[in-house]
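Open the structure in your viewer and keep the selection tool at hand. The stops below say what to select and what is there.

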Amino acid sequence: MVMEMTPHFSDDKVALKDALRRLRWLITGIEGSGIQHFHRQRTVLTPTPMPVEPSPKEDQPIGKGRGALLAEVREDLGDCRRCRLHAGRTNLVFGEGTPEAELVFVGEGPGFDEDRLGRPFVGRAGKLLDRMIQAIRLSREDVYICNVVKCRPPENRTPGADEMDACSPFLFRQIEAIRPRVICALGLCAAQALLGRAASMGGLRGRRFKWRGIPLICTYHPAYLLRNPVQKGAAWQDLVQVSRILNETNHKG
Ligand code: SF4
């Protein structure tokens, strides 16, 4: 199930340099870092050859549309009390975005702002995620964003294994409903939930995995990037991989 790919940046060093400047500008707001250049020239990433596989979109179940399938998952969750996290929640945060998304971001769980508003990634980390999405020339409306657990863990602690086990079947159904072209796991918790095994982020980054046939890229959680801005360049490299996969599948038609 696991497939590894070593990034090939030699062909597009110049484009990558420009792209790094673009991300720096988008994330830090540093002026004069070459953003004008990006308005003129879209960063073109050379697709890396990979084995030909059926497009995930072709595997879409016939019958119900993606929106209806997602609504069914939400209905099945109901006023969920399947794990202890229900006790502290203000709102269950299901996820949001278009059911037609080609890119799904999976985070860990709701934080304070998300719990309060019932929406994923709306706090400071959410603002950074928005800029990361913009950096690959998409908008929040183009993607789907959700978490492994739908209720806020107390004090924003990492969800326990039993809580992830209780909630992740609904995450899996969300992704199956959408069948995006690529999944981006934000942080270790999401990566582990999708890969079904423990690993370090160092061992997961820079590799291409598959989740039920859908390409999966792992990167840092935006909250981690806020605490460790030095890793933003590495996160950009991961986003380049995401963008590259979207380009590849688009080229396939
Ligand atoms: S975290 Fe998931 S499984 Fe636990 S109560 Fe909330 S919705 Fe239910």
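Two residues are in contact if their C-beta atoms, placed from the backbone, lie within 7 Å. The model on screen is predicted.

Start with Val 104. Leaving aside residues up to four places away in sequence, Val 104 touches Val 143, Tyr 144, Ile 175, Ile 178, Pro 180 and Ile 183. Now widen the view to the largest nonpolar core, which has 56 residues. Val 104, Val 106, Ile 183 and Ala 185 are the members that touch the most others. Helix α6, residues 161-178, supplies the largest share of this core, with eight residues.

Next, select strand β6, residues 214-219. Are its residues buried or exposed? Six of the six in β6 are buried, so a residue here has 20 or more other C-beta atoms within 10 Å of its own. In a regular strand, side chains alternate between the two faces of the sheet. Look along β6: Ile 214, Leu 216 and Cys 218 point one way, while Pro 215, Ile 217 and Thr 219 point the other way.

β4 and β6 run parallel and are joined by four bridges. To find one of the partners, select Ala 185, whose bridge partner in β6 is Cys 218.

Trp 211 has Ile 214 as its bridge partner in β6.

Finish at the turn. β5 and β6 form a hairpin with two residues between them. Select Arg 212 in that turn: its phi is positive, about 50°.

Key:
Residues numbered from 1 in each chain as written. Predicted model: local features only at pLDDT ≥ 70, side-chain atom pairs only at ≥ 80, totals over all residues. Core = buried A, V, L, I, M, F, W, Y, C linked by C-beta atoms within 7 Å. Buried ≥ 20, exposed ≤ 12 C-beta atoms within 10 Å, placed from the backbone. Pairing = 2+ DSSP bridges.
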